[in-house]
Amino acid sequence: MAERLSDDQELLRQLAKGNEDAFRTLYERYQGRIYRFALHMSGNPATGEETTQEVFLALMGKPKAYDPAKGSLAGYLFGMARNITRRAMRETADDISLDEETERDEFAVAGDLDVLEELTNGELLSALRQAVLTLPEPYREAVVLCDLEELSYQEAADLLECAPGTVASRLNRARSILKKKLSVQRAREQKCAT
Amino acid sequence: MRDIDPIRNPSEALLSAALNRLAKGSARQAPTGVGEQLAQQFRRHHRRRRRTRAVVVFSLAVGLTFAVALLLSLQQPAPTAPSVALQPAPVVTPEQPSQSTSPRSVAAQERTSPASRRNAKAVVSNTNENAFMPLGTYDPAMVPGELQVVRLELTGADLRLVGAPVAEDLADRRVLADIVVASDGTPYAVRLVR
């Protein structure tokens, strides 16, 4: 980890001097995670591309803005990606507030045990993708980082600048919302079929 | 990632499996075009940066050279007018002895003995014979063409009054001297001849 950090710093120094290879190495190292994070957060490939582009443009424009004393380069890049994605989502107004979400939960069907089993693979993925996108942002971040990016609680907490316990509770809450959402959707589909 | 027991908590296990499939089904990398575009931006950015730096360095070098040249030109001593305006010195032969203390009074007569004259010659020769000594009234801004060299024979006391470096014991002796005078008669420099 420490080796990676010092390697990142060396690459960043080289990048600041105009070394294109250093830039490419850093890009290859982090672009996938940043792109996927923005894609899963927004559900929009264009936002994913835009975020990736903006994060690396900011890095090449001001490489000295990164302070190693404040955390890892990955954390710094994710921080930028979060802000850019948030802004993009605000612009497209595709976010749902926490209050609205809680309100919807009250109408959710409680019995969710067999719902996932009933859904076919394609249906399940599509419904799940939609459900993730409608999660409130803090919950969505937890799901994206821990479930989709497979980061540990500690790694996610570092990126989100909160305690690992907070990540765990957000993830727990997010999963519960997801299950309820899928149940509601299934109930709607069954209602439509009859 | 937390461990999920699929037997005790089947819906959690199903959700985790679904999220896992969702992660695997999403794009892993940003499109190749994004990377290429960023590499081009990187090259352009650093080309522009290098050009800007070169312009700044060049401007600084020019400014510095100009400043040094200006300082040097200000520090160079102005050429002394007499050395430029040296003309053949006409010998003025005074008709009557004069007690005038002004270098403008041309009249002067020899009243010293040959022995004392030899002595005076020796003293004068000890001084710098060929160099004009600027007097207190010397003005470096004086245009050389307006100056004239006049050869006079005056007493040492008279010359001392003008500011010429004549030893005190020669006060009563007559000394032949070239005097640089301006068109208004102001003496600017003196050269002791004999």
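**View 1. Confidence of the predicted complex and of its two chains.** For the complex, the predictor gives an ipTM of 0.71 and a pTM of 0.57. Chain A has a mean pLDDT of 81, with 81% of its residues at 70 or more, while the mean for chain B is 72, with 65% of its residues at 70 or more. Within chain A, confidence is highest in helix α3 (residues 45–61), at a mean of 93, and lowest in helix α5 (residues 98–105), at 43. Within chain B, the highest value belongs to α2(B), at a mean of 90, and the lowest to helix α4 (residues 114–126) of chain B, at 45.

View 2. In chain B, the pLDDT is below 50 over residues 81–87, a stretch with 20 contacts in the model beyond near neighbours in sequence. The pLDDT is also below 50 over residues 89–113 of chain B, where the model has 41 contacts beyond near neighbours in sequence.

**View 3. Packing of helices α2 and α4 in chain A.** Helix α2 (residues 20–42) and helix α4 (residues 73–92) of chain A pack with their axes 10 Å apart and at an angle of about 30°, and α2(A) and α4(A) are therefore roughly parallel to each other. The crossing in which α2(A) passes α4(A) is right-handed. From α2(A), the residues in contact are Tyr30(A), Ile34(A), Phe37(A), Ala38(A), Met41(A) and Ser42(A), and they meet Ala74(A), Leu77(A), Phe78(A), Ala81(A), Thr85(A), Ala88(A) and Met89(A) of α4(A). By class, the residues of this contact between α2(A) and α4(A) are eleven nonpolar and two polar, with no charged residue.

**View 4. Packing of helices α2 and α3 in chain A.** The axes of α2(A) and α3(A) come within 8 Å and cross at roughly 140°, in a crossing that is right-handed. On the side of α2(A), the contact includes Phe23(A), Tyr27(A), Gln31(A) and Tyr35(A), and on the side of α3(A) it includes Pro45(A), Gly48(A), Thr51(A) and Val55(A). The contact of α2(A) with α3(A) has ten nonpolar and six polar residues and no charged ones. Ile34(A), Ala38(A) and Ser42(A) are among the residues of α2(A) that meet α3(A), and these residues are also among those of α2(A) that meet α4(A).

**View 5. The interface between chain A and chain B.** In the model, 28 residues of chain B are in contact with 35 residues of chain A. On the side of chain B that touches chain A, the elements giving two or more residues are α1 (10–25) and α2 (32–75) of chain B, and α1(B) supplies the largest share, eleven residues. This side of chain B divides into 15 nonpolar, nine polar and four charged residues.

**View 6. Helix α3 of chain A against helix α2 of chain B.** The axes of α3(A) and α2(B) come within 10 Å and cross at roughly 25°, and the two helices are therefore roughly parallel to each other. Their crossing is right-handed. Residues Glu49(A), Thr52(A), Gln53(A), Phe56(A), Leu57(A), Met60(A) and Gly61(A) of α3(A) meet Val34(B), Gln37(B), Leu38(B), Gln41(B), Phe42(B) and His45(B) of α2(B). The residues of this contact between α3(A) and α2(B) comprise six nonpolar, six polar and one charged. Thr52(A), Phe56(A) and Met60(A) are also among the residues of α3(A) that meet α2(A).

**View 7. The four-stranded sheet of chain B.** The strands form an open sheet in the order β1-β4-β3-β2 (chain B), with antiparallel pairing. β1 (133–134) and β2 (147–155) of chain B stand at the edges and each has a single partner strand, so one side of each is left without a neighbour in the sheet.

Conventions:
Residues numbered from 1 in each chain as written. Chains lettered and ligands numbered in written order. Predicted model: local features only at pLDDT ≥ 70, side-chain atom pairs only at ≥ 80, totals over all residues. Axes fitted to C-alpha atoms, helices over the stretch in contact; angles between N-to-C directions. Parallel < 35°, antiparallel > 145°, perpendicular 65-115°, else oblique. Left-handed = near helix turned anticlockwise from the far one by under 90°. Contact = placed C-beta atoms within 7 Å. Nonpolar A, V, L, I, M, F, W, Y, C, P; charged D, E, K, R; others polar. pLDDT = per-residue confidence, 0-100. Pairing = 2+ DSSP bridges.
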